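Let's walk through a protein chain together, one question at a time. Have a look at it first, then read on.

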Amino acid sequence: FKIESYWTYEVCHGKHIRQYHEEKETGQKINIQEYYLGNMMMKNPLSEPGFSRGALAVAVSGQIPTKNIEGQMTPYYPVELGNGTPCSLRQNRPRSSTLLYICHPEAKHEILSVAEVTTCEYEVVILTPLLCSHPKYRFRASPVNDIFCQSLPGSPLKPHNLEQLEKQQETLKMPFRRVKEEEMPSTKEEKFSSIHKPVAVGSHQLLTVGTTHISKLTDEQLIKEFLSGSYCFHGGVGWWKYEFCYGKYVHQYHEDKESGKTSVVVGTWNKEEHMEWSRKNAARTFYLREDGTQTVRMVSHFYGNGDVCDLTDKPRQVTVKLKCKESDSPHAVTIYMLEPHSCQYILGVESPVICKILDTADEYGLLSVPS
C-alpha cells in the first residue's frame with residue numbers, strides 16, 4: 001500500500017493495481033471510489049508461466065533494463081499489467097501499468113512512487129529485497145576513488161589557501177552572536193520545499209496532487225490578492241497542471257517544449273449561477289465543536305460554462321472545494337482534481353491561507369477579508 005493525501009494505492013503482485021478513496025459519512029455506509037490501474041493479463045501459452053511481456057523481453061535479449069532513480073542508474077525487473085478501468089480520455093481504452101521491481105536489501109516491499117507517464121498509463125516503482133539474490137539486479141554503488149596529495153620538495157605541507165580556510169573555520173566556531181529573527185532564513189520553508197517532492201498520481205480524470213509555495217506576502221495582502229483573483233493557486237505534478245483563480249476561473253493545462261501549452265477551461269465564475277447552484281447544494285459544511293458551537297469546515301463554489309466536452313457536447317463544469325489545511329509551511333497549497341462524471345469535476349484546494357477566511361463564509365459560501 002501507498003497512502004497519499006487523498007488516494008490509497010494497492011499493489012497485489014500477480015493480481016492488480018488499485019487506486020481508491022474511502023469516505024464515511026456519519027451513520028452511513030462507506031462510500032468507495034476506486035479505479036483499477038491494471039490487472040494481470042492472461043498468460044501467453046507460448047511463454048513460461050508467470051512471465052510478463054517485459055520479463056520475456058529481458059529473457060530473450062539478455063539485457064537488463066535500467067532507470068535513473070534518484071540520480072542512480074538502477075536495474076529493474078518489469079511486470080506489465082493491462083485491462084484496467086476504462087479511460088474516457090482515450091476512447092475508453094483500459095488503463096495499464098508497468099511495475100518496476102528494484103532490489104533494496106532493507107526494504108519491506110514498499111511502493112516508492114506512482115507516476116502517470118502518459119494519459120491513463122502508469123509506472124509504479126517497488127523496492128523489494130527478494131530481487132537482491134539475483135546478482136544482476138543488485139544495487140551497484142558508484143566507485144569512489146581516493147585522491148592522495150603530496151607536497152613537492154621544499155613546499156609547505158599544506159597549501160597557503162587551505163591554511164587560511166581552516167583558520168576561518170576555527171573563528172566561525174567561536175560563540176556566535178544572536179541573529180535577529182528577521183535576518184534568519186525561513187528554515188521551515190526551506191526544509192519543506194527541499195524535502196517535499198510530489199509525484200504524479202492518477203490522471204486529471206482521477207487525481208493530481210502537488211504542493212507548491214505561494215509568495216511571501218503578509219497574511220492580509222495574501223488574503224486580499226487571493227480573494228480578488230489576482231493571486232492564483234497552481235497545482236498538479238502529473239500530465240495535467242491546474243490553475244485556480246478565486247472568483248474567476250479554473251484552467252487545466254499541459255506544457256510541452258515542442259508543442260507549447262495546451263489549455264482547457266474547466267469552469268468560469270458567474271456569481272448568479274453559483275447562487276442558483278447553492279440553493280440546491282450545500283455551499284458550506286460545518287464542524288461541531290465540543291462546546292456545541294459550529295465552525296465552517298469547507299466551502300464549495302460552482303464554476304460552469306467551461307470548454308465544450310467532446311463526450312457530452314456540454315460545457316465542462318467544476319465544483320471547487322476550499323478547505324483549511326494546517327502545514328509546517330504557511331505558504332503551501334495542495335490541489336487535487338477528481339472527475340466523478342464525464343467533464344464534471346471536483347477541484348480540492350487546501351491551504352493554511354484558507355484557514356484564516358473560512359469563518360467569513362456567508363450563506364452562499366462566499367468568502368471575504370476578515371474584519
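Helices (H or I, at least four residues) and strands (E, at least two) are DSSP runs, numbered from the N terminus. This is a predicted model, where local features need pLDDT of at least 70 and side-chain atom pairs count only at pLDDT 80 or more, while totals for chains, interfaces and linings use all residues. Residues are numbered from 1 along each chain as its sequence is written, and side-chain values use heavy atoms, with hydrogens and water left out.

Q: Is asparagine 270 buried, exposed or partly exposed?
A: Buried means under 20% relative accessible area, exposed means over 50%, and partly exposed is in between (1.4 Å probe, protein chains only). Asparagine 270 has a relative accessible area of 31%, so it counts as partly exposed.

Q: Which backbone nitrogen does the side chain of asparagine 270 reach?
A: A polar contact is a pair of N or O atoms within 3.5 Å; within protein, one must be able to donate a hydrogen and the other to accept it, and residues adjacent in sequence count only if both atoms are side-chain atoms. Here the distance is 3.0 Å, and the nitrogen belongs to glutamate 272.

Q: What separates the C-alpha atoms of asparagine 270 and tyrosine 303?
A: Along the chain, these two are 33 residues apart. Between their C-alpha atoms, the separation is 7.0 Å.

Q: Which strands are at the edges of the open sheet of four strands?
A: Two strands pair if DSSP finds at least two bridges between them. The order is S14-S15-S16-S17, with antiparallel pairing. An edge strand pairs on one side only, and that goes for S14 (233-235) and S17.

Q: How many bridges join S15 to S16?
A: S16 covers residues 249-256 and runs antiparallel to S15. The number joining the two strands is five.
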